[in-house]
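Take a look at the chain below.

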Amino acid sequence: MISVLFAILTALGNGAASVLQRRAALAVPDTKAMHLSLIGHLLRQKVWLAGIGLVIVAAVCQAVALATGPISVVQPIFVIELPATLLLAGFVTRVRVPRGVWWGVVAVTAGLTLGMASAAPDGGSTSVQGAAWVPALILTGIVEAALITGAMSTRGNPRAALLGLAAACGYSLTAALMKDAMGRLGDGGVTVLMTSWQLYATAAAGVGALFLLQNALQAGTLVAVQPMLTLGDALISILYGVTLFGEELRTGWWLLPELVAIALIGLGCIELARSPLASGNAVPPPRSSRVT
């Protein structure tokens, strides 16, 4: 229950951060794409700094969640980040939540429930054994390079989608490294944690994923980025959980409802990302229209 609770808190923080960062990225010129000057430009925007603050809070919650539960349980819960954030944004700004958002919330929630019930992730170790990280890091690097190369050869939403998936790979790797580092904290204490390469690799992977996400949000719409980011993070994290930590999922005929769950989550994310609440264009009704 602790891991689920902190996973939900992480999702809320990350979801709010994504919307804030998207609003900040809209003000960045196209000439800043894939340059370090992009970060310098964003640092001058308060809305982006607020998003980074939420990212830091979410990272602490994620560390607690991963330290107390399997990565195959924790990471998929993050699919609720966008629907929860949009509903909260509508409440805070007193904007009526469109019907499409409610349908998206239902689809994502149903997909997550169906997927978790069907896959029933269980077991696994708290840390990675032996040299299993070597092939995992090599393969991840190859996939990341292919996605970034493909993104640089196109523009608009296709670039945003590819960079969003690359960011998802980075965030999944960050989660796996973080879980391994937290496992070593439990095994050997703070000294072992501070001397483990996984801790510093977590920071490096997180910064790289953040950089890719900013470029994805700057390149295209949230509709293109969010489904790739949300589903990619969940599915790739599950892959890390199974291959690196030995976590177990149901297979066989259970794959059918699992695929249905993925489709529901994907469709729900697309519907939610189309909402004015996600783009930051929604406005509250005039005062005269409210009942007193």
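The accessible surface of the chain comes to about 13900 Å². Carbon and sulfur atoms hold 72% of that surface. Keep in mind that this is a predicted model.

**The overall fold**

The chain has 292 residues, and 46% of them are buried. What elements make up the chain? There are 12 helices and 0 strands. Read from the N terminus, the order is α-α-α-α-α-α-α-α-α-α-α-α.

**Aromatic pairs**

How many aromatic pairs does the chain have? The count is 2. In one of them, the ring centres of W133 and W197 lie 5.9 Å apart. Their planes meet at 80°, over the 60 degrees needed, so this pair is edge-to-face. W133 belongs to helix α7 (residues 133-152), while W197 belongs to helix α9 (residues 197-219). The pair therefore ties together parts that are 64 residues apart in sequence.

Is W133 buried or exposed? Its relative accessibility is 4%, so W133 counts as buried. W197 has 41% and counts as partly exposed.

W253 and W254 also pair, with ring centres 4.3 Å apart. Their planes are at 25°, which is under 30 degrees, so the pair is stacked. W253 counts as exposed, because its 61% relative accessibility is over the 50% cut-off. W254, at 25%, counts as partly exposed.

| Residue | Relative accessibility | Class |
|---|---|---|
| W133 | 4% | buried |
| W197 | 41% | partly exposed |
| W253 | 61% | exposed |
| W254 | 25% | partly exposed |

**Charges over rings**

R250 lies over the face of W254, at 4.1 Å from the ring centre. Which residue lies over the face of F245? It is K179, at 5.8 Å from the ring centre.

Where is L5 placed? L5 sits in helix α1, which covers residues 2-25. Its relative accessible area is 47%, so L5 is partly exposed.

Methods:
Residues are numbered from 1 along each chain as its sequence is written. This is a predicted model: local features need pLDDT of at least 70, side-chain atom pairs count only at pLDDT 80 or more; totals for chains, interfaces and linings use all residues. Side-chain values use heavy atoms; hydrogens and water are left out. Helices (H or I, at least four residues) and strands (E, at least two) are DSSP runs, numbered from the N terminus. Buried means under 20% relative accessible area, exposed over 50%, partly exposed in between (1.4 Å probe, protein chains only). Accessible areas come from the Shrake-Rupley method with a 1.4 Å probe; for residues, only the protein chains shown count as cover. Rings of Phe, Tyr and Trp (its six-membered ring) pair if their centres lie within 6.5 Å; planes under 30 degrees apart count as stacked, over 60 as edge-to-face and the rest as tilted. A charge sits over a ring if NZ of Lys or CZ of Arg is within 6 Å of the ring centre and within 35 degrees of the ring normal.
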